[in-house]
Amino acid sequence: MLRRLSIQNYALIDVLDIEIPEHLVIITGDSGAGKSILLGALALLLGGKADVGVIRDPHRNCVVEAEFNDLTVRRVVTPAGRSRVFVDDEPATMEQIKSIARSYVDIHSQNSQLLLADAAYRLSVVDACAGNEDLRRSYAVAYDALSDAQRELAQLESRIAESSRQEDYIRFQYERLVQAKLKEGELQELEEEQRTLANATEIKEGLSSSLEELSYGESSVASKLKSVHHTLERLSRYTAEAAGLASRVESCRIELKDISSSLDALQDSIEASPGRLETVENRISMLYDLMGKHGAGSVEELIALRTQYESQLAETDDFANKKETLLAEMDVRRDTVARLAKALALSREQAAKELSAALQEEIRALDMPRAAFDITLSKLDELGRSGGEAVEFMFSSAGDDLLKPISKCASGGEMSRIMLCVKSHLAGKSEMPTVIFDEIDTGISGSLADKVGKKIVEMGRDTQVIAITHLPQVAVKGNAHYLVYKEYGENAATSHIRQIEGDERVREIARMISGSEITPEAMANARVLLEIKQ
């Protein structure tokens, strides 16, 4: 329920702040007084396009604020055209504001009856009357879950197809790398062995020569060190320093002996083996060939690639299991969607029958005594997010034999009255937001105007209704009556609004009856209308 509306610096409005009561609220005023400006400001507040052209004073912000039962919404438009929205003084997004608009306010203008030609709106009417809100929400959740699974299956099948195209190649390369029996550090070891085998003769000759020089013959280094050691030991009887030097020479001789043993062992280990050399060189060539084909810089990179191929093949093998699991899950989700769709269809079918009869009776009461109205449901080729039915409103102003889709046969006035009946019925069936009627009674008069007024009053019993009207038969039925009027200053006109009661309300009703010249007869007629309303 809309409790308060505050507007600052919008079009003809400088400052406006009104509290709005429950049930039926009437707003009247001369043409051009600013009644539509109120709706424009409210539309701006609830997500309409911000236009700097509506800012009255270009040096101040335009501010529109509405207080509902449980929250307050405010929109600020700067002279530069920037817009900000707030919910309970916290910054909000435009999507949040539009969501609030759908939940809290229903503005019904002279063109709103065009909604009757909208398939989604017709379906929503049937669902609202059936009380399908929870069922439809559950169905939508189940439908979305099934759609997600279908998209996941499509992606999985695409990956399976791509994997199948590459599987033979990957498996061939993987098996080749497995057969290569790669080891980390192998290439460096092989290259070292290859250098040794390729130069085995030269190595053995060098080692033999070194051994000869160090250890064999009377002129070898070992013989000379032994001779020096004896000489120094003899001299040590004469000088202590010679004894230390003799010890050091002996250490060198022992180290030399160990070196000679190592040289001898190394010499024995080196063998010229053409067969082994060929094997090593072939292995090195094979490794370099693999590295070149796979764009790898080392054996370690080849090993990493082998691991990658292994993972890809394992994933390919797992695709079948994933697909089987997903298909089983989709069967469950499909069953859930089908079950909920069936429940929706049954509920809609029952609601359509009841609503058809109720609306036909209400439509006939609005000066269309021979009107026929029927709601038909047709099955869609496939389920959609809203279910499996399309709803059509069938209408004829002259009887059942001439029923046609409402958008093809009803006049504007008929559509407006039918829409009023629809909204009136919805008000009695569910919690509707505040409904605002913007001169929907245009073009009617007399008894029909009185009947439309009564219909709006009926709605006002169940929800808050704000009716902007030019008909006295409607205006007298309000629980509260507000007058929109202009005041003219030196430079500009300003729109105002105030609640009117008593004689002032009688005078406004009389103006609506007789025009600018208020006659005594009009005043008397206005009092009668107000008394009848009471």
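Reader: Which residues line the second largest cavity?

Author: The second largest cavity is lined by Phe437, Glu439, Ile440, Asp441, Ile456, Ala467, Ile468, Thr469 and Val474. The model is a predicted one, and the values that follow are computed from it. As a general idea, a probe the size of a water molecule is rolled over the atoms, and this shows where empty space is left. In the present case about 30 Å³ of space lies in the second largest cavity, and its lining divides into six nonpolar residues, one polar residue and two charged residues.

Reader: How many cavities of 30 Å³ or more does the structure hold, and what is the volume of the largest cavity?

Author: The structure holds two cavities of 30 Å³ or more, and the largest cavity has a volume of about 130 Å³. Its lining comprises 14 residues, of which Leu5, Ile20, Ile27, Leu38 and Ile466 are the closest to its centre. By class, the residues of this lining are 14 nonpolar, with no polar and no charged ones.

Reader: Which elements each supply at least two residues of the lining of the largest cavity?

Author: Strand E1 (2–10), strand E3, helix H1 (35–45) and strand E13 each supply at least two residues of the lining of the largest cavity, and H1 gives the most, with three residues.

Reader: E13 and E3 bring me to the sheet. What is the order of the strands in the open sheet of six strands?

Author: The general idea for any such sheet is that in a regular strand the side chains alternate between the two faces of the sheet. Here the six strands of the open sheet follow the order E8-E12-E13-E3-E14-E15, with mixed pairing. Strand E8 (105–108) and strand E15 (493–499) stand at the edges and have a single partner strand each, so one side of each is left without a neighbour in the sheet. From one strand to the next, the twist averages 20°.

Reader: How many bridges join strand E12 to strand E13, and which residue is the bridge partner of Val435 in E13?

Author: Strand E12 (residues 434–438) and strand E13 (residues 465–468) run parallel and are joined by four bridges, and Val465 in E13 is the bridge partner of Val435. Helix H13 (residues 446–462) lies across strand E3 (24–29), E12 and E13, and its direction runs at about 150° to E13.

Reader: How do E14 and E15 run, parallel or antiparallel?

Author: Strand E14 (residues 480–488) and E15 run antiparallel and are joined by seven bridges, with Tyr482 having Gln499 in E15 as its bridge partner. The two strands, E14 and E15, form a hairpin with four residues between them.

Reader: What is the order of the open sheet of three strands?

Author: The order of that open sheet is E9-E10-E11, and the pairing is antiparallel. Its edge strands are strand E9 (372–384) and strand E11 (404–405), each of which pairs on one side only. E9 pairs with strand E10 (residues 387–396) over nine bridges in the antiparallel sense, and Lys379 stands opposite Glu389 in E10. Helix H3 (residues 119–130) packs on this sheet, where it touches E9 and E10, and its direction makes about 95° with that of E10.

Reader: At what angle do helix H5 and helix H9 pack?

Author: In general, two packed helices are described by the angle between their axes and the distance between the axes. Helix H5 (residues 186–198) and helix H9 (residues 274–294) pack at an angle of about 145°, with their axes 9 Å apart, and the crossing of H5 and H9 is left-handed. The contact includes, among others, Leu187, Leu190 and Leu197 of H5 together with Leu277, Ile284 and Met291 of H9. By class, the contact of H5 with H9 has ten nonpolar, one polar and six charged residues.

Key:
Residues numbered from 1 in each chain as written. Predicted model: local features only at pLDDT ≥ 70, side-chain atom pairs only at ≥ 80, totals over all residues. Heavy atoms only, no water. Pairing = 2+ DSSP bridges. Axes fitted to C-alpha atoms, helices over the stretch in contact; angles between N-to-C directions. Contact = heavy atoms within 4.5 Å. 1 Å grid on protein atoms, 1.4 Å probe; cavity = no way out; pocket = protein on both sides within 12 Å on 5 of 7 lines; lining within 4 Å. Points joined across faces, edges and corners; volume = space filled by probe spheres on them. Nonpolar A, V, L, I, M, F, W, Y, C, P; charged D, E, K, R; others polar. Left-handed = near helix turned anticlockwise from the far one by under 90°.
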